[in-house]
Amino acid sequence: AAAKGPAEGNKAGVDDGEPSLEWLREIAREDGEEVPKFLISFLEHWVDHVIASLQADRSEPSEHAFQNPIVWWHVPGYDLFVQEVVEQLRKHHGDTGMIRTASKFLLTDPDLLTSFVETILKATNVFDNKAVINLFDCLSEFWKALRENGIMLSDGFDGDMLWSALDRIIMTDHHVLITQCLSFIYEHSSSFKEVAAFRKALFLDILLDKWFFTLFLHWESKVRNMFYQLLAFHVERQPTRAEEALDVSTRPTSEAEFVDSVLGRRLGVNLAAMGGSDAGIAPVVSVPTVPEELKVYLPMALASFGCYQAYAKLWLDRSPEKVPSMVDMDSVVNILVKNNVDCPAMRDLETFAPKPASLLSLEELRDLRNGQEPRLDA
């Protein structure tokens with residue numbers, strides 16, 4: 001091929017000896033698609049190529065590639081590729097391939113999480129339901145990638161930015177978006193426990209203080225039930241039979257345990273305000289006031305939460321190391337009945353949601369519409 005002159009060399013990606021992103025942008029333009037799939041795929045496979053190349057030089061490669069001490073910012077082109085990932089993530093964070101590529105780069109440097117989350121938050125309109133759902137898909141993939149590779153959430157992560165976004169999403173009172181929010185918190189709750197300040201900000205300041213009654217007494221039953229399961233498994237955390245048998249002291253021994261005890265007390269205070277259990281609440285603690293417009297949901301809410309409490313107790317007695325997926329109220333009741341759990345709340349629930357003794361057939365419904373009494377067979 002003919003030698004390129006300086007101008008052509010610059011266009012190819014070299015500017016006075018310094019690399020640039022022009023050749024990557026050229027690939028994106030020549031792709032001709034709305035989402036530059038070739039570029040995104042190239043960035044993902046570049047990470048795999050670097051790992052494979054460096055591991056080939058090691059006599060004993062580690063079990064997991066990302067646990068090797070690779071100094072990524074010393075790899076030629078790494079910083080430029082990170083810039084391009086951020087740019088493409090801003091434009092195409094709803095694309096599964098882009099999310100996968102960003103997750104791969106996140107594993108090279110977990111501190112990129114703040115930059116990635118900030119990028120997609122700024123590109124998301126809270127009043128666009130599809131955009132918010134894409135946001136949680138993206139966040140879930142990031143957290144999943146870190147968890148599956150044994151990487152803890154760094155205390156350098158800008159949590160305030162995420163808490164503010166979750167707060168605004170709950171503020172919309174859109175039941176679909178709130179369920180997405182609660183599902184994300186429930187699924188990745190363990191990562192927020194790793195930094196006590198994160199757990200306090202998210203669970204105490206937002207869920208138990210600001211939005212507790214709105215969520216506990218929400219008009220949509222699915223929102224309520226998801227919130228009950230979140231509280232039962234990740235806030236209340238009743239001792240298992242094994243822990244009760246040991247009769248160990250419950251005095252907090254770490255900052256994380258202290259935060260857990262504060263969350264438990266706050267939950268107890270809130271339940272006392274609604275007429276629920278107030279065990280262990282210090283008399284000096286002021287009890288909040290339940291909003292008048294939400295009190296209509298109180299009886300059903302307390303009974304439902306009682307069922308989730310019994311379900312959590314049953315589950316944690318058998319599998320204390322893990323929590324189940326989100327389940328609806330009917331599934332909870334069926335599990336309690338199947339395992340012969342004596343749950344007074346379940347009996348209370350039946351009084352609030354009676355089942356019809358029989359259903360009308362089409363013929364009986366037609367008779368009723370014609371002003372005739374339907375004949376109900378025994």
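# Reading salt bridges, charge and burial in a predicted model

Analyst: Lys 210 is partly exposed, with a relative accessible area of 47%, where buried stands for under 20%, exposed for over 50% and partly exposed for what lies in between (1.4 Å probe, protein chains only). This is a predicted model, in which local features need pLDDT of at least 70 and side-chain atom pairs count only at pLDDT 80 or more, while totals for chains, interfaces and linings use all residues. Residues are numbered from 1 along each chain as its sequence is written, and side-chain values use heavy atoms, with hydrogens and water left out.

User: With which residue does Lys 210 form a salt bridge?

Analyst: Side chains of opposite charge can pair when their charged atoms come close. The term salt bridge asks for a side-chain nitrogen of Lys or Arg within 4 Å of a carboxyl oxygen of Asp or Glu. Here the partner of Lys 210 is Asp 167, with the closest N and O atoms 3.1 Å apart. This pair links distant parts of the chain, since Lys 210 belongs to helix H11 (residues 196-210) and Asp 167 to helix H8, 43 residues apart; helices (H or I, at least four residues) and strands (E, at least two) are DSSP runs numbered from the N terminus. Asp 167 counts as buried because its relative accessible area is 12%.

User: How many salt bridges does the structure hold?

Analyst: There are 13 salt bridges in the structure. In one of them Lys 200 pairs with Asp 205, the closest N and O atoms being 3.5 Å apart; Lys 200 is partly exposed at 37% relative accessibility, and Asp 205 is partly exposed at 33%. In another, the side chains of Glu 292 and Lys 295 meet at 2.8 Å, N to O, with Glu 292 exposed at a relative accessible area of 59% and Lys 295 partly exposed at 35%.

User: Which residues are linked in a network of salt bridges?

Analyst: Glu 44, Asp 48, Arg 100 and Lys 104 are joined in such a network.

User: Which residues gather in a patch of negative charge on the surface?

Analyst: A patch is built from residues with over 30% relative accessible area and no salt bridge, like charges being joined within 9 Å and nonpolar side chains (Val, Leu, Ile, Met, Phe, Trp, Tyr) within 5 Å. In this model Asp 137, Glu 141, Glu 148 and Glu 187 form the negative patch, and its largest share, 3 residues, comes from helix H7 (residues 129-148). Glu 141 has its place in helix H7 and counts as partly exposed because its relative accessible area is 36%.

User: Is Asn 225 buried or exposed?

Analyst: Asn 225 counts as buried because its relative accessible area is 12%, and its position is in helix H13 (residues 221-236). With neighbours within four places in sequence left aside, Asn 225 is in contact (heavy atoms within 4.5 Å) with Ser 304, Tyr 308 and Met 329. Across the protein, residues 24 or more positions apart account for 68% of the contacts with a separation of 6 or more.

User: Where is Asp 173 found?

Analyst: Asp 173 lies in the loop between helix H8 (159-171) and helix H9 (175-187), where the residue has a positive phi of about 60° although it is not a glycine. Asp 173 is partly exposed, with a relative accessible area of 32%. Asn 340, in the loop between helix H17 (329-338) and helix H18 (344-352), likewise has a positive phi, near 55°, in a residue other than glycine; Asn 340 counts as exposed because its relative accessibility is 71%.

User: How many residues apart in sequence are Glu 87 and Thr 119?

Analyst: They are 32 residues apart in sequence, and 8.4 Å apart in space, C-alpha to C-alpha. Glu 87 sits in helix H4 (residues 78-92) and is partly exposed, with a relative accessible area of 23%.

User: What does the secondary structure of the protein come to?

Analyst: The protein comes to 19 helices and 2 strands. Of its 378 residues, 41% count as buried.

Definitions and conventions:
Accessible areas come from the Shrake-Rupley method with a 1.4 Å probe; for residues, only the protein chains shown count as cover. Lys and Arg count as positive and Asp and Glu as negative; His and the chain ends are not counted. The place of a charge is taken as NZ of Lys, CZ of Arg, CG of Asp or CD of Glu.
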